[in-house]
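Reader: Could you take me through how an interface between two chains is read, starting from the general idea and then turning to the case at hand?

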Amino acid sequence: MSKEKRILLDGKEYKAGEAIKIAAGKSGEDIIKIIKDAGIKGRGGAGFPTGLKWSFCYNEKDPEKYIISNADEGEPGTFKDRVLLQKNPRQHFEGMVVGGLAIKAAKGYMYLRHEYKRFVPDFEKVLDDMRNDNHLGKNIMGSGIDFDIEIRLGSGAYVCGDESALLESIEGKRGEPRNKPPYTASQGFLNKPTIVNNVETWTYIPLIISKGAKWFKQFGKGDNPGTKLFSISGDVDKPGVYEFDKGVSLQTVLDEAGAKNTKAVQVGGYSGVLVAPQDFNKPLEYGPEGLPPGGSIIVYNNTRDMVEVLLNYMHFFYEESCGQCVPCREGTYEMVRTLEKIKCCEASSRDIDKLTELAEVMTISSKCGLGQTVPTPFFSAMENFKEEFLVRECAL
Amino acid sequence: MSVLSAKSSLTERIDNDLNKLFEKYGTTRAALMPILQEMNENYNYIGEYIIMKVAEILDMSATEVYGVASFYHFLRTEPIGDFVISVSDCTPCVMAGNEKIIKVLENELGIKLGETSSDGKFTLEKASCIGLCDQAPAMLINNDAYTDLTPEKVVEILKNYR
């Protein structure tokens with residue numbers, strides 16, 4: 001029997017305006033309590049409890065606050081937000097309005113990656129419809145709160161998926177990540193308290209408000225309630241976006257998508273882990289035994305060359321490093337250089353040892369998530385496929 | 001028309017466009033990105049004159065404006081083809097044969113990856129993942145997406161841009 005769920009993907013549970021109407025009649029504290037009780041964690045990948053994030057922002061004294069939707073879906077292998085936004089953009093925007101009502105935000109921004117610019121006219125139309133229904137604009141549904149949403153485009157910088165870099169970009173600056181703390185909940189857009197959530201998180205909000213925390217918690221497992229979207233691509237029969245209960249095992253996902261003769265799976269995007277078959281039964285969930293649950297799953301069958309795969313990743317990171325801090329800027333360059341050497345069968349174990357040392361330095365000393373996670377796929381490749389890096393068939 | 005008057009009519013056009021954009025987005029720093037994005041779209045790239053003008057109105061230094069423009073891949077500070085073909089280079093697209101697609105494009109356009117055709121019409125690039133891995137191989141031509149590409153399909157698509 002199929003274990004797939006279609007709560008978010010079908011959109012049948014959603015009634016336009018229902019959540020806004022409920023939220024407009026509640027205090028900010030009450031709205032946030034529902035989100036907290038539901039126990040939803042951010043769907044972008046970091047998994048921070050959404051209700052807690054909102055309450056931090058709510059409790060800030062500065063009255064000028066902002067709502068941001070991170071639609072800068074740039075992690076290779078990820079396309080769930082695109083599918084979600086194509087299917088039901090209104091549900092996503094309604095989630096942002098609920099957030100706006102909860103913290104009495106001055107304004108909301110959707111930061112959409114440049115590569116999705118073709119959807120902007122559709123989104124603008126949805127926003128106009130919402131304005132006509134008083135779901136945006138002045139005194140939303142009698143709440144006494146004015147709130148509107150503007151779409152801002154990225155211009156092709158992966159690092160802007162980092163929320164502080166994203167804010168720099170909307171502020172008209174180079175998308176270079178900020179030092180943290182302070183966190184965006186207290187000093188975000190224009191240094192004002194700001195809630196930044198992923199598209200998938202925002203899209204869940206209206207359902208949680210309309211149907212309640214208890215309804216939400218019937219899906220998923222314990223501390224990780226709800227369903228989660230996964231983008232599945234690579235060597236599978238049926239690539240696409242799938243929805244499962246939180247805590248689903250990687251093997252279940254692979255079976256549903258029709259993966260055969262699988263050698264390795266990249267879980268959590270390029271910055272995630274390269275998983276070998278002995279770990280396919282692990283859950284896609286936070287925790288020491290879990291695999292990164294961000295949602296990107298790229299499948300490699302037994303004809304694929306892991307050196308080429310890792311080299312492709314490192315080329316990407318080298319291109320996308322913002323260049324601000326040395327470990328990331330120089331580290332990604334060195335990764336590419338040594339992997340080229342490995343590819344040409346000219347590297348020894350000493351090169352791999354040096355690369356391992358470099359990877360450790362990058363992990364602890366890079367400024368933002370990009371540089372810190374560049375080595376993650378390298379480490380798992382070393383753990384699972386080291387032999388391929390030592391001896392390549394072309395050398396024999 | 002003399003070279004000089006042609007030049008001044010271009011700067012006039014830029015001034016006009018910029019004035020409209022300042023009206024639309026304001027003159028705060030947060031207006032910088034949308035203004036640069038629209039100018040890039042209108043003029044194919046963000047040249048020196050645009051940078052100077054934007055800096056003047058937003059009360060920034062020209063180097064700062066250039067710093068922002070040069071940071072982002074899709075903001076161009078050098079002239080580029082009217083149609084920029086960006087072939088996705090994430091591993092799902094590679095495994096689905098994007099090399100073949102690039103080869104066909106190179107042969108059809110008579111240019112190599114990273115080059116612009118001599119008539120200034122096409123630029124061919126590899127791109128970081130464009131979020132269409134479920135329909136690989138995929139590419140963008142300016143803002144339009146093309147998916148599940150085959151060599152034959154590529155040839156057909158190009159006909160619409162000639």
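Author: The size of an interface is often given as the accessible area lost when the parts come together. In this predicted model, the area buried between chain B and chain A (accessible area, 1.4 Å probe, that two parts lose on being put together, summed over both) is about 2,900 Å², with carbon and sulfur atoms giving 55% of that area. B:Phe71, B:Phe74 and B:Met95 supply 21% of what chain B buries against chain A, more than any other three residues.

Reader: How many residues of chain B are in contact with chain A?

Author: With contact taken as heavy atoms within 4.5 Å, 32 residues of chain B touch 44 residues of chain A.

Reader: Which side chains meet in a salt bridge?

Author: A salt bridge is a side-chain nitrogen of Lys or Arg within 4 Å of a carboxyl oxygen of Asp or Glu; the count between chain B and chain A is two, and one of them joins B:Asp134 to A:Arg82 (2.9 Å, N to O).

Reader: What conventions lie behind these values?

Author: Residues are numbered from 1 along each chain as its sequence is written, while chains are lettered from A and ligands numbered from 1 in the order in which they are written. In this predicted model local features need pLDDT of at least 70, side-chain atom pairs count only at pLDDT 80 or more, and totals for chains, interfaces and linings use all residues, while side-chain values use heavy atoms, with hydrogens and water left out.
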